[in-house]
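Trainee: I'd like a close look at one part of this model, please. Take me through the details slowly.

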Amino acid sequence: MPHYETPSPPSDIFVSGHFREQYEYAVQRSHGSGNWLITYTLEGEGRYRLYGKTISARPGDIILLKPGTPHDYSVPLGGLWDFFWAHFQPRVDWFSWWNLPELQPGLFKATLRTSHSQERAYQAFLQLHTDSNASLLEQAHQTASARALLRRELALNRLEELLLLTTLETEQERQHLLDPRVQQVLDIISKNLSAPHTVATLAREVALSPSRLAHLFKQEVGDSLINTLVGLRLTHAARLLTFTNDSIATIADEAGFHSAFYFSRQFQQHFGMSPRAYRTTQKQHS
């Protein structure tokens, strides 16, 4: 582990790279970065340490770190880590479908298990890397600014493809492999997001104790029941902000947040902006 803070790229740029690192490679940013970080492991292993837990990244694994999440990752003793990486700011509409397992607060992990999806992700990241670097080069020379913007958009399209692919495969795994009691809980929540669901009330629906349901749900879904419930409510609220003119207080209540302050705080943490700013941004792009 280094005894210094690794510099972080400016939060407003889109930058990527391909590293093949040996033992002693390590990154430490105690306050994270101002943008999202994604890594895709091709070979070997990288290890992330966060809040006392160690999460391994092996071939096919995609790791996402949210802005402000501490960065502490390295190559284990005697190891090798071959991986793509990118620092980026997501498009706002991505959050309407982006739903990956959160293993620790601010750290998301998903695995592409088939050779087809792994190859597709590799090609997407390869093109992403080419286009993002070409965009930065053109910006540095202050020439062809329109071309630089188009290159950046191409890179974002490739990143969107990668995240869509990962989310799709994650959802397919959940649907085919979920314990039927966990699936029943998800169905109950989805049919009535505004109901006052708790772990206890949902546990009664599937004839489990609250502690057993909480453990089983985290095991099957990769995130806690409450975090999943809040995430589904926020996604629903984002759709209402985009497609209705209802007041923010009305939307908060319909999505199951009976405190407008709590809703706004959760929305800000999840989407990186207030509900009002999100609605304004969506209207500008519609």
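Trainee: Is the crossing of H3 and H6 left-handed or right-handed?

Mentor: Quick ground rules: this is a predicted model, where local features need pLDDT of at least 70, side-chain atom pairs count only at pLDDT 80 or more, and totals for chains, interfaces and linings use all residues. Residues are numbered from 1 along each chain as its sequence is written, and side-chain values use heavy atoms, leaving out hydrogens and water.

Now, H3 and H6 cross right-handed (the near helix is turned clockwise from the far one by less than a right angle). H3 covers residues 180-191 and H6 residues 225-243 (helices are DSSP runs of H or I, at least four residues, numbered from the N terminus). Their axes sit 11 Å apart at an angle of about 35° (lines fitted to C-alpha atoms over the stretch in contact, with angles from 0 to 180 degrees between N-to-C directions). On the H3 side, Val185, Leu186, Ile189 and Ser190 make the contact, meeting Leu225, Thr228, Leu229 and Leu232 of H6 (heavy atoms within 4.5 Å). Sorted by type, that contact has six nonpolar residues, two polar and no charged (Ala, Val, Leu, Ile, Met, Phe, Trp, Tyr, Cys and Pro are nonpolar, Asp, Glu, Lys and Arg charged, the others, Gly among them, polar).

Elsewhere, the structure has 20 aromatic pairs (ring centres within 6.5 Å; planes under 30 degrees apart are stacked, over 60 edge-to-face, the rest tilted). Trp81 and Phe83 are stacked because their ring centres are 3.8 Å apart and their planes at 20°. Trp81 is buried at 0% relative accessibility (under 20% is buried, over 50% exposed, partly exposed in between, with a 1.4 Å probe and protein chains only), and Phe83 is buried at 1%.

Key: Rings of Phe, Tyr and Trp (its six-membered ring) pair if their centres lie within 6.5 Å; planes under 30 degrees apart count as stacked, over 60 as edge-to-face and the rest as tilted. Helices (H or I, at least four residues) and strands (E, at least two) are DSSP runs, numbered from the N terminus.
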